[in-house]
Amino acid sequence: PDFLIDTSFDVIKVNKMGQKMRRTLKLTQHHVISIKNGCEITKFYSLSDIRLVWLENQDTVRIIQRSNKMNVYMSPISPHILQQITTRVKVRAALDKAEISDS
């Protein structure tokens with residue numbers, strides 16, 4: 001849908017070892033993309049692959065994929081990022097369900 005325009009956020013990615021790395025988190029109609037240095041894709045997964053997403057604290061969003069991989073992102077606008085991801089996941093699930101029922 002046109003209302004789900006691509007949007008990007010400057011975030012800090014926190015890996016399993018606690019190392020913090022600057023990333024751009026890009027949300028599309030279908031995917032979550034983590035980008036390093038403005039051009040190198042470091043993570044790419046479908047919105048339908050998201051099993052759980054929540055705000056750990058005011059500055060931290062956690063995403064768990066269906067494969068149980070966890071992604072942790074920090075940003076002063078984490079509540080907004082959470083809202084964007086949650087909306088996209090719900091819309092994508094509804095659209096995918098509608099496409100299946102139309103088949």
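What follows is a tour from the overall layout to single residues.

Guide: A word on the ground rules: this is a predicted model, where local features need pLDDT of at least 70, side-chain atom pairs count only at pLDDT 80 or more, and totals for chains, interfaces and linings use all residues. Residues are numbered from 1 along each chain as its sequence is written, and side-chain values use heavy atoms, with hydrogens and water left out.

Visitor: Which secondary structure elements does the protein chain have, and in what order do they run?
Guide: Elements here are DSSP runs numbered from the N terminus: helices are H or I with at least four residues, strands are E with at least two. The protein chain comes to one helix and seven strands, running β-β-β-β-β-β-β-α from the N terminus.

Visitor: What is the order of the strands in the sheet?
Guide: Two strands pair if DSSP finds at least two bridges between them. In this model the seven strands make an open sheet, ordered β4-β3-β2-β1-β7-β6-β5, with antiparallel pairing. β4 (40-46) and β5 (50-57) each have a single partner strand, so one side of each lacks a neighbour in the sheet. From one strand to the next, the twist averages 30°; axes are lines fitted to C-alpha atoms (for helices over the stretch in contact), with angles from 0 to 180 degrees between N-to-C directions.

Visitor: How many bridges join β1 and β2?
Guide: Eight, in the antiparallel sense, with K13 standing opposite M21 in β2. The two strands form a hairpin with five residues between them, and G18 in that turn has a positive phi of about 85°.

Visitor: And which strand pairs with β1 over three bridges?
Guide: That's β7 (residues 70-74), antiparallel to β1 (residues 7-14). I12 has M74 as its bridge partner, while V14 has V72.

Visitor: Where do I look for the core, and which residues touch the most other members?
Guide: The general idea is that in soluble globular proteins, nonpolar side chains tend to be buried together. A nonpolar core is a set of buried Ala, Val, Leu, Ile, Met, Phe, Trp, Tyr and Cys residues joined through side-chain atoms within 4.5 Å. Buried means under 20% relative accessible area, exposed over 50%, and partly exposed in between (1.4 Å probe, protein chains only). The largest core here has 15 residues, and L25, V32, I50, V53, I63, I81 and I85 touch the most other members. Two or more residues come from each of β1, β2 (20-27), β5, β6 (60-65) and α1 (78-102), with α1 giving the most, three residues.

Visitor: What is V32 in contact with?
Guide: Contact means heavy atoms within 4.5 Å. Leaving aside neighbours within four places in sequence, V32 is in contact with L25, K26, L27, K43, F44, Y45, L47 and I50.

Visitor: Is N37 buried or exposed, and what about N68?
Guide: N37 is exposed, with a relative accessible area of 65%. N68 is exposed too, at 53%.

Visitor: Last one: how much of the protein chain counts as buried?
Guide: Of its 103 residues, 36%.
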